[in-house]
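Subject: Handover of the model and notes on it

Dear colleague,

I am passing the structure on to you with this message, and my notes follow directly below it. Please read them with the sequence and the model open beside you.

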Amino acid sequence: MVDDAHAEQGSTRHTGLVSESPGGSRICIVTGANRGIGLEVVRQLSDRGDTVVLGCREVDAGERAASGFAASIGTVLVRWLDVLDAGSMTAIADELTGSFGRLDVLVNNAAIHYDTWQRPSTADLQIVEEAWATNVLGPWRAVHAFLPLLRASGHGRIVNVSSESGSLASMRSDTPAYSVSKAALNALTKQLAADLRRDRVLVNSVCPGWVATDMGGPGGRPVGDGAASVVWAVDLPDDGPTGGFFRDGRPVPF
Ligand code: NAP
């Protein structure tokens with residue numbers, strides 16, 4: 001359902017030395033981009049002159065976050081985007097269809113519930129359901145909303161921001177809601193990669209590593225390093241890998 005009150009929110013920031021030719025830069029969307037790794041991915045893409053939709057649940061928070069991009073050469077479009085709400089994404093898709101007719105990059109970054117306090121045998125299934133809804137169905141819903149535009153690109157990239165917590169090869173009994181959701185996200189990556197190969201859309205999972213954000217807590221590596229691990233998969237050439245799982249450009253076991 002489209003929430004008109006929210007759909008009307010959002011603004012366009014033309015930051016710094018503006019390079020606004022739609023054909024001269026990639027058109028990108030990052031979900032959950034008002035803070036943490038998502039915000040830094042927006043910054044890194046914008047620094048290269050890409051046009052980036054900063055997707056956020058609270059447009060004011062997105063605006064405040066984007067105000068730090070004065071030196072970027074790209075265009076940042078702050079838009080309401082809740083991965084639980086298909087209407088928020090179809091509204092953006094409609095806008096991009098009118099403005100650019102394509103989308104080159106979808107970064108599925110938004111996620112919740114790094115449930116360090118739980119074990120699978122006693123896990124609160126409400127938490128599990130919420131993690132599933134945001135971390136798995138959210139990216140899936142985003143793909144459905146933006147796929148026509150990604151197909152139109154001819155060079156589409158879907159980057160699912162996953163975690164080594166979702167690796168079956170090293171799966172333990174901690175963070176059950178989060179880990180199971182990221183394992184499922186990795187499965188979705190493989191499914192979509194096979195499905196979209198003929199459309200020349202590359203689909204990969206990326207682990208940013210342990211990063212010092214609200215989710216990661218103190219002690220992790222700088223957010224710039226985590227975001228660079230994500231941007232590596234955005235920058236893949238047309239003959240690059242698809243259906244893989246990577247951290248810092250190196251394969252991670254599924
Ligand atoms: P974070 O600081 O907690 O930020 C999460 C972002 O997701 C926020 O912008 C949040 O928005 C947004 N979000 C939550 N639910 C949403 C929804 N329904 N719709 C749209 N946006 C929503 O997390 P982070 O550390 O930057 O993590 C980013 C990604 O990296 C996640 O996929 C995470 O699993 C992955 N990751 C992180 C680490 C780490 O060490 N940090 C390690 C491995 C993987 P609000 O501000 O509105 O809540």
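A residue is called buried here when its relative accessible area is under 20%, exposed when that area is over 50%, and partly exposed in between. Ala 184 has a relative accessibility of 17% and is therefore counted as buried. Please keep in mind throughout that this is a predicted model, and that the values below were computed from it.

I begin with the ligand, whose space is the largest pocket. Helix H2 (36-47) and helix H6 (176-196) are the elements that give two or more residues to the shell around the ligand. That shell can also be described by class, with 13 nonpolar, 10 polar and 5 charged residues. Of the 28 residues around the ligand, those that come nearest are Arg 35, Arg 57, Asn 109, Tyr 178 and Thr 213.

The side chain of Asn 34 has an N or O atom that is 2.8 Å from an oxygen atom of the ligand, while in the case of Ile 37 it is a polar backbone atom that is 2.8 Å from a ligand oxygen. On its own the ligand has 910 Å² of accessible area, and the protein covers 93% of that area.

The C-alpha atoms of Ala 184 and Ser 167 are 9.8 Å apart in space, and the two residues are 17 apart in sequence. The other is Asn 186, also found in helix H6, which has a relative accessibility of 2% and so counts as buried. The side chain of Asn 186 makes a polar contact with the side chain of Ser 162, at 2.8 Å.

Between H6 and strand E7 (202-206) there is a loop in which Arg 200 has its place, and Arg 197 lies in that loop as well. Arg 197 has a relative accessible area of 55% and is therefore exposed. From the C-alpha atom of Arg 197 to that of Gly 243, which is 46 residues away along the chain, the separation is 9.4 Å. Arg 200, with 56% relative accessibility, likewise counts as exposed.

Backbone angles

What is there to note about the phi of Arg 200? The value is near 60°, which is positive in a residue other than glycine. Asp 248 lies in the loop between strand E8 (245-247) and strand E9 (250-251), and its relative accessible area of 31% makes it partly exposed.

Ala 123 is placed in the loop between strand E5 (105-108) and helix H5 (125-153), and with a relative accessibility of 16% it counts as buried. Although Ala 123 and Pro 176 are 53 residues apart in sequence, their C-alpha atoms are 7.3 Å apart in space.

Arg 141 has its place in helix H5, and at 26% relative accessibility it counts as partly exposed.

With best regards

Notes
Residues numbered from 1 in each chain as written. Predicted model: local features only at pLDDT ≥ 70, side-chain atom pairs only at ≥ 80, totals over all residues. Heavy atoms only, no water. Near = heavy atom within 4 Å. Polar contact = N/O pair within 3.5 Å; in protein donor to acceptor, adjacent residues only side chain to side chain. Areas by Shrake-Rupley, 256 points an atom, 1.4 Å probe, with all protein chains shown as cover. 1 Å grid on protein atoms, 1.4 Å probe; cavity = no way out; pocket = protein on both sides within 12 Å on 5 of 7 lines; lining within 4 Å. Sits in = over half its atoms within 2 Å of the grid points. Helix = DSSP H or I, 4+ residues; strand = E, 2+ residues; numbered from the N terminus. Nonpolar A, V, L, I, M, F, W, Y, C, P; charged D, E, K, R; others polar. Buried < 20%, exposed > 50% of the residue type's maximum accessible area, 1.4 Å probe, protein only.
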